[in-house]
Amino acid sequence: RDLKSRCVAYLDRADESADHLWLVLRRINPSPFGIDLREYIEGQFFQTSSDRFQGYAQAIVLQLLDGLDYISSCGVCMRDVKPDNVLVEYQTMPGGEERVCARWSDFGLSVDLGKQLDAHGVRNPFVLAMPNGADPTDAA
């Protein structure tokens with residue numbers, strides 16, 4: 001699916017060889033704090049008592065929720081939600097204004113719910129794909 005949102009990492013290009021497929025995302029400018037949310041958390045970016053950094057934490061949470069809302073509205077279930085899969089771009093703009101932007105990445109475990117069919121061939125958003133095409137009712 002083509003996911004276009006300011007809160008989703010953009011696919012720049014796909015490169016393929018006989019044995020591998022590389023999905024190259026749009027470059028995120030690294031900062032001294034890192035490149036993904038895990039690095040920002042481990043570096044204690046949000047642990048300061050400064051209102052400015054608390055505001056950044058709130059902005060990131062809102063951006064991530066907005067991104068998940070957008071992803072799910074496209075019929076995609078993102079099943080690998082974790083800090084490592086959030087790219088964070090922290091920039092100081094000309095004039096000194098600071099800005100933070102968080103983007104979801106790594107959709108390798110995602111499921112396109114629009115392509116899931118029930119036993120009668122009818123699109124059913126509640127049927128998830130099982131490994132090797134197994135019937136989910138046999139999973140017990």
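Start with the cysteines. The structure holds 0 disulfides, a disulfide being a pair of cysteine sulfur atoms within 2.5 Å. This is a predicted model, where local features need pLDDT of at least 70, side-chain atom pairs count only at pLDDT 80 or more, and totals for chains, interfaces and linings use all residues. Residues are numbered from 1 along each chain as its sequence is written, and side-chain values use heavy atoms, with hydrogens and water left out.

Select Cys77. Its relative accessible area is 26%, which makes Cys77 partly exposed. Now select Cys101. Cys101 is buried, at 16%. The classes are: buried under 20% relative accessible area, exposed over 50%, partly exposed in between (1.4 Å probe, protein chains only).

Select residues 98-104, strand S5. Helices (H or I, at least four residues) and strands (E, at least two) are DSSP runs, numbered from the N terminus. Of the 7 residues in S5, 5 are buried, so the strand is largely enclosed by the rest of the structure.

For one of the bridges, pick Gln91, then its partner Arg99 in S5. Then go to the hairpin of S4 and S5. There are 5 residues between the strands, and Gly95 takes a positive phi near 100°.

**The nonpolar core**

Show Leu37 and Ile60. These two have the most contacts inside the largest nonpolar core, which has 19 residues. A nonpolar core is a set of buried Ala, Val, Leu, Ile, Met, Phe, Trp, Tyr and Cys residues joined through side-chain atoms within 4.5 Å. Two or more residues each come from helix H1 (37-42), helix H2 (51-73), S4 and S5. H2 gives the most, with 6 residues.

**Salt bridges**

There are 4 salt bridges in the structure. The criterion is a side-chain nitrogen of Lys or Arg within 4 Å of a carboxyl oxygen of Asp or Glu.

Select Arg38, partly exposed at 29% relative accessible area. Glu42 counts as exposed, at 55% relative accessibility.

Arg38 lies in helix H1 and Asp84 in the loop between strand S3 (76-77) and S4, so the pair ties together parts that are 46 residues apart in sequence. Asp84 is partly exposed, at 34% relative accessibility.

Next, select Asp80 and Lys82. Their side chains meet in a salt bridge at 3.8 Å, N to O. Is Asp80 buried or exposed? Asp80 is buried, with a relative accessible area of 16%, and Lys82 is partly exposed at 36%. Finally, highlight Asp36, Arg38, Glu42 and Asp84 together: salt bridges that share partners join them into one network.

**The nonpolar patch**

Last stop: Leu11, Leu21, Leu23 and Leu25. They make a nonpolar surface patch of about 400 Å². Patch residues have over 30% relative accessible area and no salt bridge; like charges are joined within 9 Å, nonpolar side chains (Val, Leu, Ile, Met, Phe, Trp, Tyr) within 5 Å. Areas come from the Shrake-Rupley method with a 1.4 Å probe; for residues, only the protein chains shown count as cover. Strand S2 (residues 21-25) gives the patch its largest share, 3 residues. Zoom in on Leu21, which lies in S2. Leu21 counts as exposed, at 55% relative accessibility.

Conventions
Pairing = 2+ DSSP bridges.
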